[in-house]
Amino acid sequence: MNHPEERVNALDIRGLRLHLPGAARPVLDGVDLTVAPGETVALVGESGSGKSLTSRSALGLLPPGATTGGSVLVDGEDVLTMGPDRLRALRTGRAAMVFQDPRAAVNPLRRIGDFLTEGVRRTGVLGKADADRRAAELLDAVGLGPELLRRYPGQLSGGMLQRVMIAGALMGDPVLLLADEPTTALDVTSQAEVIALLGQLRERFGTGLLFVTHDLGLAAAISDRVHVMYAGRIVESGPAEALFERPRHPYTAALLAATPRLDARPGRLAAIDGQPPDLRQDLTGCAFAARCPYATGLCHEEAPGPWPVACHHPLEGNPADD
Ligand code: SF4
């Protein structure tokens, strides 16, 4: 039971472990993170790092056969112990997700108005008149007119449709918004508009935002704090600016070197060599050792301690300055 004046986090993940059938090691291995109301936190990593699984766990969207440990509290309630009815109510109320590809998330044969209102009407959160009014208000909040309520998804550009998705995610007045690579499928102009919009809406509605991306530059631009994930663990955490200017984990530094920067010197962009470790193989030592230019014998034998910097030999300065 929370004390009345105690501030409940929008999201509070503690020691989350997730095993998949056939995997030799946990796909998520002791993930800890919080998102306060009105705060934006970014989760950054390559594909397969566990960042999307972590964010989806906040909606109880787990892969078939997954077993879990730890806790995932949304607005103080553990999602991992919820039954189907409470999960459905959660997904149309306190937590919502904006996905990467808006076209894959809508039924092309249903009008935008039906898409926006069906979740809150089905679960009884709002009646028809209130749902219609809220849909029009939220379209306005994302910079679109009420005439769109009668249009079909195919009549909208990708950028407009992603705005509709964001309006839809806000229908249930969520405390937590999960945005999983929400700009990847958009053109550059729409990307910038959606990022600016998410920032405005967070301030206006006080929603906590967990922003999932492979792009460390984008993460630093939009968020207050950043967590970097590798092979199912958070390897470095910190304020966005500090982490972007002075990464201490070699993987963060490698991600940064692979991120286009406006102020970068020519020829400094470098892909990260090698692949993340296969889930079918158990790991001894640091999961990044096979790809890390700073790896020593110790790194191959012993897993480094927990974050803020899960590394035996953290960097002291920004390697871009070397
Ligand atoms: Fe590299 Fe060793 Fe640090 Fe792992 S623990 S990131 S291998 S230096």
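**Figure 1. Two cavities of 30 Å³ or more lie in the structure.** The model is predicted: local features need pLDDT of at least 70 and side-chain atom pairs pLDDT 80 or more, while totals for chains, interfaces and linings use all residues. Residues are numbered from 1 along each chain as its sequence is written, and side-chain values use heavy atoms, without hydrogens or water. A cavity is a set of points, on a 1 Å grid over the protein atoms alone, where a 1.4 Å probe fits but cannot get out. Points are joined across faces, edges and corners; volume is the space filled by probe spheres set on them.

**Figure 2. The largest cavity has a volume of about 90 Å³.** Its lining (residues with an atom within 4 Å of a point) counts 14 residues, of which P250, C286, C292, C299 and C311 are the closest to the centre. By class, eleven are nonpolar, three polar and none charged. Nonpolar means Ala, Val, Leu, Ile, Met, Phe, Trp, Tyr, Cys and Pro; charged means Asp, Glu, Lys and Arg; the others, Gly among them, are polar.

**Figure 3. The ligand sits in the largest cavity.** More than half of its atoms lie within 2 Å of the cavity's grid points. The ligand is surrounded by 13 residues (a heavy atom within 4 Å). C286, C292, C299, C311 and H312 are the closest. This shell holds ten nonpolar, three polar and no charged residues.

**Figure 4. The second largest cavity has a volume of about 50 Å³.** L170, L177, L198, L201, R202, T207 and L209 line it. Helix α6 (residues 188-205) gives the largest share of this lining, three residues. Helices are DSSP runs (H or I, at least four residues), numbered from the N terminus. The lining has five nonpolar, one polar and one charged residues.

Conventions
1 Å grid on protein atoms, 1.4 Å probe; cavity = no way out; pocket = protein on both sides within 12 Å on 5 of 7 lines; lining within 4 Å. Helix = DSSP H or I, 4+ residues; strand = E, 2+ residues; numbered from the N terminus.
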